[in-house]
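Subject: Structure for your review

Dear colleague,

Please find the structure below, followed by a short account of what was found in it.

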Amino acid sequence: MAAEFLGLQRLVVIAAADESGTPWASALTGPPGFVTAPGDRTVVADRLPGPGDPLAGAFDGAPDIGRDIGILAIEPSSRRRMRVNGRARADGGRLVVRTEQVYSNCPKYIQTRTYADTPPASGGTAHVTGELTADQRRWVATADTFFIATRVAGLGADASHRGGNPGFVTVSGARRLTWPDYLGNSMYMTLGNLELEPRCGLLFLDWEHGHTLHLTGRARVDWDPVRAAAVPGAQRLVDFDVERVVQITGGLPQRWSFGKYSRFNPALDERQPCASVST
């Protein structure tokens, strides 16, 4: 079942660290079949992160055992998702992964989207800054979905999905974001990693126009129940300090049309933004 699901996907999100050890989240895309599982513990993608991507070249020259990688295969139209964690290396133009963990997650907080056959205009230009521009702050503040990459040396990497109604991520400055952590699958893969290693990467997708926004920085989980209680649905809050931003025009060579918000998304109370309490 896992192999069949992977073979149907057009989009996977990957989590890994660059040569300096900085974690990033990125996306690999292709037609159905671009990701396959030729063996019980092997996954192969016939794509690598391209020029300008913060993970470009990260898997080149990797040792035989590979480098830590987390993969999230997500099918927005059906709200299905599956995570694959392991070790990866580049083999020609392919990414070869030796799996260590494979498991599915529930469909909560995933907005439905449908793949559109008309691709966006080609691009590939990367713009790198140390903080969010005004346009990027608006992008993040109106997003209903993002992805987070975490990694702990010796324990591996993980890619995870976060979703909610537009505005669930609060932007309180050019270098500070806050989002609520809703009730999930209680595996604490992301939160557990952040307790051990606060460095992480975020990925925001422009689903309609095909652009990508990659952030790396440090996250801190705030377990204060009083602060969380001010945000509908939040069990805790996560504050993220931006250290580097990479925006790639045409970084997502696909278009996805919006369908419906998840029925699990908590309603937002604009009177109580989740960054209203200073830390």
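Gln136 counts as buried because its relative accessibility is 1% (buried means under 20% relative accessible area, exposed over 50% and partly exposed in between, with a 1.4 Å probe and protein chains only). This is a predicted model, in which local features need pLDDT of at least 70 and side-chain atom pairs pLDDT 80 or more, while totals for chains, interfaces and linings use all residues. Residues are numbered from 1 along each chain as its sequence is written, and side-chain values use heavy atoms, leaving out hydrogens and water.

Beyond four places in sequence, Gln136 touches Thr129, Glu131, Leu213, Val245 and Gln247 (contact means heavy atoms within 4.5 Å).

There are eight aromatic pairs in the structure (rings of Phe, Tyr and Trp, the latter by its six-membered ring, pair if their centres lie within 6.5 Å; planes under 30 degrees apart count as stacked, over 60 as edge-to-face and the rest as tilted). Phe146 and Trp179 form an edge-to-face pair, because their ring centres are 4.9 Å apart and their planes stand at 65 degrees. Both Phe146 and Trp179 are buried. A tilted pair is formed by Phe258 and Tyr261, with 4.6 Å from centre to centre and 55 degrees between the planes. Phe258 is partly exposed at 34% relative accessibility, and Tyr261 is partly exposed with a relative accessible area of 38%. Ring pairs also link Phe146, Phe168, Trp179, Phe204 and Phe240 into a cluster.

Yours sincerely
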